[in-house]
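Reader: Hi, I have a new model open and I'd like a quick tour. Can we go through it together?

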Amino acid sequence: MLPDFINELKKRFNGDLRLDPASKVLYSTDASIYQIEPLGVAIPRSQDDLLAAVELAVRFSIPILPRGAGSSLGGQSIGEALILDCSRYLDALVKIDPESQTAVVEPGVVLADLNRAAAKHGLMFGPDPASAERATMGGVIGNNATGAHSILYGMSADHLLAADVILGDGSLETWDDGGKSKLALTAREIREKYADSIKQNFPRSWRNSAGYRINYLLPWSPSVPPQWDREDYGLSASVYRNSSKVNLAGLLAGSEGTLAVMRRATVNLVRRPKYTILGILAYESIVNACRDVPRLLEFKPSAIELIPRMLIRYARSLPGFGNQMGWLAGDPAAVLVVEFSGDQPSALKDAVRRLGNVLAVAESLEEQARVWNVRKMGLGILDSRREAARPVAFIEDCAVPVEHLGEFVEEVERIMHSHQTDGGIYAHASGGCLHIRPILDLHKADGVRSMRSIAEQVLKLVLQLGGSMSSEHGDGIISGEWIRKTYGAEVVEAMRMIKKAADPGNLLNPGKMLDAPPMDTHLRYGGKYQNRVWRSTLQFEHERGLTGAIEHCNGQGVCRKSGGVMCPSFQATREEQFSTRGRANLLRALTSSGGVNSLQRYSELEPEVFKALDLCLACKGCTSECPSGVDMPRLKYEFMHEYFKTHNRPLHDYLFGYFHVVSRWLSPVAPLANLLMGTAWLRELMGKLTGITEKRPLPVFALSKSHVRQVMPPANKVIFLSDVFSRYLEPQVEQAAFDILSAAGYEVLVLPVIGAGASFLSKGFLEAARRHAEQVLKAIKKLDNGEGLSVVGCEPPEIYCLKHEYIGLLPEFRSEIESLAGRVWLVEEFLLRSARWSDLRVATKRAFAERSVDQDVVTFHPHCHQRAEGLAEDGLPTGTDATATLLRDFGFQVNVMEAGCCGMAGTFGYDMEHYELSMQIGELGVLPRARAAKKVVSTGSACRMQIRHGAGRDAEHPLLLVSRLLTSRENE
């Protein structure tokens with residue numbers, strides 16, 4: 001970019017201006033298959049910043065591109081322009097007016113946040129894209145998004161009442177039905193000159209987002225959403241009722257930032273339905289399911305969603321989704337989820353019964369949420385394949401009149417089969433829109449050629465059936481090429497008139513919409529793409545090893561959501577670099593052609609990759625919450641191991657990585673060690689030498705030790721994996737585990753090796769981790785003596801390290817580790833699978849019931865690795881559910897804290913450079929909830945430290961509560 005522009009912008013712009021290579025990499029991709037490096041990134045902090053950036057860009061003829069969460073699937077949020085990231089600071093929910101049922105929002109407001117606020121008034125924004133948890137309103141409007149309930153609420157354009165915008169010449173306007181815009185004259189000319197062409201050439205489907213919404217200038221629509229409200233939801237202008245009023249705001253919807261930059265928008269809100277119910281119908285084929293949709297629409301449902309066998313099977317295999325599939329029995333080729341909503345539950349039940357042979361019914365909100373979660377994450381779940389050939393989004397936004405849906409799907413399946421491929425087909429059957437993703441390998445030229453060939457054939461089919469190639473995801477690069485073929489020359493000319501009037505200099509997101517390049521250009525991969533990685537120490541279970549693991553992220557940005565466990569450092573900072581997607585993009589840029597091949601490029605990116613991964617807390621949230629199952633912690637371990645071959649390690653890495661060794665040395669002199677570590681001057685000296693923060697109390701070594709109670713024979717045996725915290729700092733936790741296991745009739749065989757090596761992994765000491773893992777396996781083999789004993793422990797990261805990470809560390813022992821992993825458990829998980837424990841639990845619970853003992857209400861904060869644990873083959877509880885179930889079995893009322901990561905992450909919170917972020921993460925949820933709780937329990941030793949330090953509350957391990965109950969019963 002021009003130096004004069006940069007200098008002027010720095011004078012007027014109070015936001016962040018980023019021109020470094022890493023920032024350009026982070027904003028060069030979105031959720032699409034494309035990649036274009038931007039000129040730079042500007043993150044405005046205020047509306048004044050936004051205006052200044054646009055005005056100066058106009059003066060210096062710098063292209064600009066407004067962007068939200070970057071979850072676009074068409075490539076519209078990337079380009080050779082100055083990116084204006086409106087998601088970080090321009091996120092004010094200005095006003096909700098319950099009386100007029102409207103809301104005023106800035107472009108960075110996340111749709112889910114708007115709906116949470118509107119729900120307090122019984123309202124919501126009607127269109128509901130699956131990306132609502134991270135999609136910003138600027139992006140929702142820019143794409144003209146809709147969703148599963150489009151037959152009720154139409155498109156975003158239908159609920160956009162007014163918009164304050166900045167035009168391509170830097171001028172400010174309000175687009176509404178007042179007719180005062182400089183576009184009014186152009187709009188009038190289009191109505192007079194092109195109305196007939198528009199009505200003749202527009203696709204017959206009302207669900208259409210191709211090109212500009214010039215039909216809203218008439219206003220006119222070729223068809224109406226089947227359940228559209230008779231009163232137009234109180235709207236003064238409606239494209240579905242031939243209203244005499246014209247609202248220019250509709251032009252902003254689906255314009256993808258090519259007509260104006262949105263400052264604020266006033267949107268219509270609708271009443272939230274009081275009750276909903278889901279009926280699930282199974283079919284022998286997707287085609288049969290689609291052919292049944294017109295019949296089902298006669299029952300006036302609020303949504304009909306298709307879920308295919310491919311998606312069902314993938315969902316069942318993923319940790320975060322497998323436990324949500326209990327609503328579906330068997331293995332049907334396809335299911336239709338039919339939703340009814342209204343004010344009378346009995347009427348809704350009757351409607352479901354009239355559907356026919358219903359496979360399942362979901363009445364409770366929890367049951368319905370499980371169904372919707374699987375459907376809404378369909379894009380990512382389908383992309384969880386570990387092969388190079390993956391489902392590709394390039395024909396997935398087609399919509400046809402619903403009466404032609406069965407014919408459309410049948411022909412698309414034929415087209416895919418003619419190209420020797422298959423694909424996922426799912427989504428909005430009621431609206432005539434199915435998301436179709438053919439499985440192709442775009443790393444190969446043949447894959448790219450097949451993509452274009454399939455797209456051209458599907459385009460021809462869609463137009464024959466009166467449909468559109470773009471129905472909610474926008475045009476971008478993926479469909480922009482097809483706009484002229486969709487509408488013809490006259491309608492496109494009318495669209496160009498709008499573009500020229502709004503953006504005379506063609507500075508707003510150039511190269512999109514009417515000027516889009518061929519859809520098979522600017523590919524993220526493509527036939528010439530190369531990725532050259534180092535020889536990994538860990539094994540990655542992908543077809544292409546480390547390369548496949550790095551490229552596994554599909555860019556959808558689910559990691560940008562504000563809740564859950566995944567990416568706590570992103571939740572705290574809102575920096576793209578600290579999301580799973582951002583880290584994956586930086587790693588891919590570092591290792592792809594142009595990365596390793598260019599020493600300068602590599603040297604520029606390497607520090608930023610380190611920074612991004614250094615702030616990964618290795619929470620493992622991505623392994624369960626990322627629908628594609630990206631394992632960023634394992635990538636972090638591998639990168640840090642490679643990085644520190646050529647860089648000096650901080651001393652605290654050695655202290656914490658080898659903490660079990662340090663503890664073994666200091667434990668015999670615990671009184672002296674505790675005294676010295678509590679001395680102010682020594683703490684200050686240690687901080688300077690080691691980088692350990694002075695703001696956090698150091699652990700206190702225990703003065704006593706745990707011991708195993710003897711069990712009279714005959715007794716079953718179990719192997720116990722100790723951890724450094726329970727052995728040297730909190731022996732009462734280890735003692736509780738020993739006592740409970742002994743009380744259940746088990747002889748406890750304690751491994752002589754402390755921990756599974758999780759601390760080595762967390763710091764990237766992979767060779768040390770390998771050696772430690774070999775010692776653990778040898779020790780287990782010796783104690784087990786061929787009996788197939790279970791291995792249990794009470795520290796989640798150590799148990800799950802043994803269960804899940806050893807294959808990556810020691811692939812040569814794969815068969816042995818796989819056999820062992822099936823019998824590695826947290827103590828709670830193990831006890832729930834024990835017949836002896838079941839007898840003891842029932843007897844204990846009965847004894848307390850006879851005494852009318854009312855146990856405490858406890859707030860349970862699980863360790864993040866527990867939350868990430870998937871289903872067990874036996875179907876019994878694992879992870880968080882196992883601990884909660886154990887406590888409830890003893891009469892405790894358990895409230896599981898839904899607050900994500902505590903911020904401590906092992907020893908992350910002890911590092912001086914990480915302390916402030918650690919506390920910031922804790923304050924997002926865990927610490928405030930801990931302060932408010934009556935009694936707090938937590939399974940993670942580091943979590944308990946954080947809660948004690950940050951909330952001033954003593955959190956106990958749940959096993960201590962159970963142990964006390966057993967002890968009190970014995971003493972009766």
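Reader: What radius of gyration does the protein chain have, and what would a compact globule have?
Author: The protein chain has 30 Å. With 972 residues, a compact globule would have a radius of gyration near 30 Å, so the two agree. The radius is taken over C-alpha atoms, and the globule rule is 2.2 Å times the number of residues to the power 0.38. One caution: this is a predicted model, where local features need pLDDT of at least 70, side-chain atom pairs count only at pLDDT 80 or more, and totals for chains, interfaces and linings use all residues. Residues are numbered from 1 along each chain as its sequence is written, and side-chain values use heavy atoms, with hydrogens and water left out.

Reader: What does the C-alpha trace span?
Author: Along its principal axes, the trace of the protein chain spans about 95 × 70 × 55 Å.

Reader: How many helices and strands are there?
Author: The protein chain has 43 helices and 25 strands. These are DSSP runs numbered from the N terminus: helices are H or I with at least four residues, strands are E with at least two.

Reader: Let's do helices. How do α7 and α18 pack?
Author: Helix α7 (184–201) and helix α18 (residues 489–502) pack at an angle of about 150°, with their axes 8 Å apart. Axes are lines fitted to C-alpha atoms, for helices over the stretch in contact, and angles run from 0 to 180 degrees between N-to-C directions. α7 and α18 are therefore roughly antiparallel. Angles over 145 degrees count as that, under 35 as roughly parallel, 65 to 115 as roughly perpendicular and the rest as oblique.

Reader: Which residues make the contact?
Author: Among them are Ile190, Tyr194 and Ile198 of α7, and Val491, Met497 and Ile498 of α18. Contact means heavy atoms within 4.5 Å. By class, the contact of α7 with α18 has 8 nonpolar, 3 polar and 3 charged residues. Here Ala, Val, Leu, Ile, Met, Phe, Trp, Tyr, Cys and Pro count as nonpolar, Asp, Glu, Lys and Arg as charged, and the others, Gly among them, as polar.

Reader: And what about α15 and α16?
Author: Helix α15 (residues 405–418) and helix α16 (residues 445–464) pack at about 160°, axes 10 Å apart. That makes α15 roughly antiparallel to α16. Phe408 and Ile415 are among the α15 residues that meet α16, whose side includes Ile454 and Leu461.

Reader: New topic. In what order do β23, β24 and β25 sit?
Author: The 3 strands form an open sheet in the order β24-β23-β25, with parallel pairing. Two strands pair if DSSP finds at least two bridges between them. The edge strands are β24 (893–896) and β25 (936–938), each pairing on one side only. The twist averages 35° from one strand to the next. Helix α39 (residues 879–889) packs on the sheet, touching β23, β24 and β25. Helix α42 (residues 941–951) packs there too, touching β23 and β25.

Reader: Which partners does Leu278 have in β14 and β15?
Author: In β14, the bridge partner of Leu278 is Glu339. In β15, the partner of Leu278 is Ala362. Strand β12 (residues 275–283) pairs with β14 (residues 334–342) in the antiparallel sense over 9 bridges. β12 also pairs with β15 (residues 360–362), antiparallel, over 3 bridges.

Reader: Last one. Where is Pro219, and is its bond from Leu218 cis or trans?
Author: Pro219 lies in the loop between α7 and β10 (260–268). The peptide bond from Leu218 to Pro219 is cis, with omega near -20°.
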